[in-house]
Amino acid sequence: MTVVTRFAPSPTGYLHIGGARTALFNWLYARHHGGSYRLRVEDTDRKRSTEDAVEKIISGLDWLGLQDDGEPVFQSQNFDRHVAVAEQLLAEGKAYHCYCSPEELTEMREAARAEGRTRLYDRRWRDRDPADASADVAPSVRVKMPVEGETVIADLIQGEVRVDNDNLDDFIILRPDGTPTYMLAVVIDDHDMGVTHIIRGDDHLNNAFRQYHVFETLGWQVPEFAHMSLIHGSDGAKLSKRHGALGVEAYHDMGILPAAMRNYLLRLGWSHGDDEIISTEQAIEWFDLSAVGRAPARFDMDKLTNLNGHYIRESNDGDLVALILPIVAELLGAPVDEAAKTRLLAGIGGLKERAKNLNELAETALFYCRERPLPLTEKATKLLDGEARDNLTALAGILADIGSWDKEALEAGVREFAEAKDLKLGQIAQPLRAALTGSTVSPGIFEVMVALDRAETLARIRTSKA
RNA sequence: GUCCCCUUCGUCUAGUGGCCUAGGACAACGGCCUCUCACGCCGUAAACACGGGUUCGAGUCCCGUAGGGGACGCCA
């Protein structure tokens with residue numbers, strides 16, 4: 001049996017972090033087993049679904065690098081099929097018309113709750129003659145759930161979960177207006193798509209019991225279930241828009257790398273011994289549902305940030321430059337010219353050691369791209385006092401004649417100069433840094449000089465005196 | 001309220017009856033490195049929710065309590 005998994009978001013908003021993790025786990029599980037991973041948009045609720053949300057979700061998944069196999073399925077397109085199945089159920093006596101008005105149902109629900117019952121619908125139309133109905137109520141269609149016994153689900157993550165069947169409502173599968181509900185549609189679509197493993201959030205665990213019986217009553221093979229616990233905010237509550245759950249594009253905007261996000265999400269609830277840094281290839285090889293934890297996890301930005309720094313350091317220089325170029329141009333308010341790009345590429349290695357996200361990387365890269373004279377920070381200005389300027393002028397003379405323009409030679413030259421002046425290296429290096437970068441913080445000053453090259457270095461020393 | 005699920009350092013977690021005087025990672029703190037800032041390295045502090053069992057032995061198994069979460073829609 002080939003594994004088929006699916007991620008089935010409803011397009012009512014952006015792709016948040018919890019959905020992203022669900023998608024990741026589904027993707028990983030399918031990849032691990034050489035199966036396929038599908039995307040299904042659950043847009044049965046036409047009122048709340050939007051085109052924009054669909055687009056956001058797909059671009060979010062795209063950014064994360066979770067490509068689905070085959071075309072996405074839109075649940076609403078299977079409308080006729082859903083209705084046909086409901087009618088079949090009706091014909092077979094496995095479903096029935098319910099003539100309750102919304103008011104009646106609310107009343108019933110309140111009464112049930114007051115009496116401490118879990119099942120909120122009392123099955124009053126299950127065996128009643130439709131002739132009893134008042135003509136002005138359009139009926140909905142409900143499926144029959146078993147009345148006795150218990151339902152047991154062997155959940156791949158939660159283990160054996162059981163519930164008394166008496167707690168299961170005969171729920172609505174067709175609204176009075178004839179449209180199918182989610183509970184019916186999921187089952188049909190999962191079956192039609194050949195989904196073998198339903199991996200989704202814990203908030204669906206209760207639905208699984210109901211869906212189980214729909215599969216059964218239809219005579220279809222019930223897929224495996226795996227319910228993963230939800231991601232909580234730092235306050236311990238389910239992550240929601242109100243609880244600061246951000247769309248994945250927000251993390252893109254924060255300069256987070258998809259690889260870092262994948263690694264972070266993977267370790268939230270899943271583990272492989274003490275391993276922390278796990279490449280996607282390695283994750284595919286190792287991923288297993290049995291290693292998924294049952295307890296909810298809290299989202300921790302610090303750890304994501306740390307991981308992101310790691311992946312930035314590991315990134316290829318050219319890729320990083322390409323990623324930050326647009327950001328740099330925006331900060332600059334002008335496109336980056338070729339000379340600046342060359343300097344940037346030469347200097348990015350030193351920069352990436354220090355960055356936690358792409359935005360920070362772009363900001364620290366600015367000095368390579370700016371035109372002379374460089375703006376100076378307040379601290380940098382202070383460093384460049386009269387004495388420091390005199391020293392730099394003298395140093396420039398030496399630098400102009402230095403043999404080969406590499407780190408070692410430059411360091412040797414500057415150290416020699418400092419010693420001759422009876423100064424510590426820092427007393428020369430700091431003003432030099434101020435002149436070359438406009439700041440007191442930068443990568444090693446000798447690598448900066450190499451990235452800048454001789455002409456630009458000397459020019460910056462000269463113009464910093466202005 | 002009812003049903004379902006969960007409970008190891010602040011956070012993510014390792015741990016599947018003896019290897020645990022509980023390990024790793026992030027964060028915190030201290031130090032080293034050093035031309036600044038990072039990186040890196042070394043170190044410190046920090047947890048088995050509680051109570052009963054079972055067992056020669058329990059973080060690990062069972063029961064209960066407490067706490068937390070999720071679900072209770074003609075939403076998905």
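**Close-up 1. Phe25, Trp270 and Phe287 form one aromatic cluster in this predicted model.** Six aromatic pairs are present in the structure, a pair being two rings of Phe, Tyr or Trp (its six-membered ring) whose centres lie within 6.5 Å. This is a predicted model, in which local features need pLDDT of at least 70 and side-chain atom pairs count only at pLDDT 80 or more, whereas totals for chains, interfaces and linings use all residues. Residues are numbered from 1 along each chain as its sequence is written, and side-chain values use heavy atoms, with hydrogens and water left out.

**Close-up 2. Arginine charges lie over the rings of Phe25 and Trp125.** Arg21 is placed over the face of Phe25, 5.6 Å from the ring centre, and Arg128 over the face of Trp125, at 4.1 Å from the ring centre; a charge sits over a ring if NZ of Lys or CZ of Arg is within 6 Å of the ring centre and within 35 degrees of the ring normal.

**Close-up 3. The largest pocket is lined by 39 residues.** Nearest its centre lie Pro9, Ser10, His16, Asp203 and His204; a pocket is an open set of points on a 1 Å grid over the protein atoms alone, where a 1.4 Å probe fits, with protein on both sides within 12 Å along at least five of seven lines, and lining residues have an atom within 4 Å of a point. Helix 1 gives the most to this lining, with six residues.

**Close-up 4. The second largest pocket is lined by 19 residues.** Glu363, Thr364, Phe367, Ser439 and Val441 lie nearest its centre.

Notes. Chains lettered and ligands numbered in written order. Helix = DSSP H or I, 4+ residues; strand = E, 2+ residues; numbered from the N terminus. Phe/Tyr/Trp six-rings, centres within 6.5 Å; stacked < 30°, edge-to-face > 60°.
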